[in-house]
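Work through the exercises below with the sequence and the 3D view open. Try each task before reading its solution.

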Amino acid sequence: MKTNKNGWALVLSGGGAMGLAHIGVLKGLEDAGFPRPSLVAGTSMGAIVGGLYAIGMSPIEMERFVLDEFNITDYLDSFVFKIDGPFGRIIQTGQALAILAGKPGIDTGQKALELLESLTAGKRFDETEIPFRCNAVDLISAREVVFNSGSLAMAMRASMSLPIFFEPFEYNGMCFVDGGLLNNMPVAIARNEGFDRVLAVNVTNFAPAKPESLRNGPQVIFRSIDCVLHAQNEGGKAQADLTLTIKLAAALFSFYKQKELIEVGKKVVSENLNALEDFFHPHFHLSNRPPVVIESNHE
């Protein structure tokens, strides 16, 4: 395998709204003067942020869009996601179960795809400024699929298809769900591309659950998804040279915390400049040092 000794790869985990912290991390890395990656790989929300960065959208532009223009409910076609408050949550649970009885997901994901098409301007993988990869899981073959060609928006939509929330995405004869189910921090993609210097960013809110939070079907299902994503993150951390793990007080759809989440990403970079400077040292790849995992708690 050809190695890329002079470049480095950035890997961004999935995590729903928590993935907005990736924007802050990118901003922090640029502000610190670190070089741009030679490859960006991501899954789910990490695939969306990573893909936009790869086509040349700056962290400042992403931050401005998220803060000034983005409202998650405008890009979901199910009203179930648009009801707030305790009573709303009761309605959400009942409506979600009713929808799932006759459909493969609560939301079709069509409006999300249209947004991705607009943000990427219809670009393909061979048109990015930085090489980009993302993954998804094909339900038909039960295998991870890594996207490296074709439509960026289609690949992102496949990668973000979190079961139950979004309908699986049928594309190229396959039926895709969220890549995080098999590989939520796809460091292996970077390794398979020959990179021996990999920085991973892991966003999570995983913590032990209370028994009273597991009293109905949806709660059990959502917790099961959390457990799967957590297990995949743990495997990815062992493969990266440096992993920044950001523990956040946010849920999958807490997009209303966008400013707070982006600021946390910036702060994590500033708090770990020494480790990052070590990672970017020209002779880093010659040291054969063990993986470094740094956990920043912002819960």
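**Exercise 1.** Find the residue just after α2 that takes a positive phi, and state the angle.

Solution. Go to the end of helix α2, which spans residues 45-54. Helices here are DSSP runs of H or I with at least four residues, strands are E runs of at least two, and both are numbered from the N terminus. Just after α2 comes G56, with a positive phi of about 110°.

Before going on, note that this is a predicted model: local features need pLDDT of at least 70, side-chain atom pairs count only at pLDDT 80 or more, and totals for chains, interfaces and linings use all residues. Residues are numbered from 1 along each chain as its sequence is written, and side-chain values use heavy atoms, with hydrogens and water left out.

**Exercise 2.** Decide whether α2 is enclosed or open, and say why.

Solution. Start with the cut-offs. Buried means under 20% relative accessible area, exposed over 50%, and partly exposed in between (1.4 Å probe, protein chains only). Next, check the helix residue by residue: M45, G46, A47, I48, V49, G50, G51, L52, Y53 and A54 are buried. That is 10 of the 10 residues, so α2 is largely enclosed by the rest of the structure. For the protein as a whole, 53% of the 299 residues are buried.

**Exercise 3.** Describe how α1 packs against α10.

Solution. First, locate the helices: α1 covers residues 21-31 and α10 covers residues 258-271. Their axes come within 6 Å and cross at roughly 40°. Axes are lines fitted to C-alpha atoms, for helices over the stretch in contact; angles run from 0 to 180 degrees between N-to-C directions. Second, classify the angle. Under 35 degrees is roughly parallel, over 145 roughly antiparallel, 65 to 115 roughly perpendicular, and the rest oblique. The two helices are therefore oblique to each other.

Third, list the partners. A contact means heavy atoms within 4.5 Å. On the α1 side are A21, I23, G24, V25, K27, G28 and L29; on the α10 side are L261, I262, G265, K266 and V269. By class, the contact has seven nonpolar, three polar and two charged residues. Ala, Val, Leu, Ile, Met, Phe, Trp, Tyr, Cys and Pro count as nonpolar, Asp, Glu, Lys and Arg as charged, and the others, Gly among them, as polar.

**Exercise 4.** Which residues join α1 to α2?

Solution. Begin with the geometry: the axes lie 10 Å apart, at an angle of about 35°. Helix α1 supplies H22, I23, L26 and E30, while α2 supplies G46, V49 and Y53. Sorted by class, they give four nonpolar, two polar and one charged.

**Exercise 5.** I164 and N172 have positive phi without being glycine. Is each one buried or exposed?

Solution. Take I164 first. Its phi is near 80°. I164 sits in strand β6, residues 164-166. Its relative accessible area is 17%, so I164 is buried.

Now N172. Its phi is about 55°. N172 lies in the loop between β7 (169-171) and β8 (174-178). At 58% relative accessibility, N172 counts as exposed.

**Exercise 6.** Place N297 in the fold.

Solution. N297 belongs to strand β11, residues 292-298. Its relative accessibility is 49%, so N297 counts as partly exposed. Along the chain, N297 and K247 are 50 residues apart, yet their C-alpha atoms are separated by 4.7 Å.
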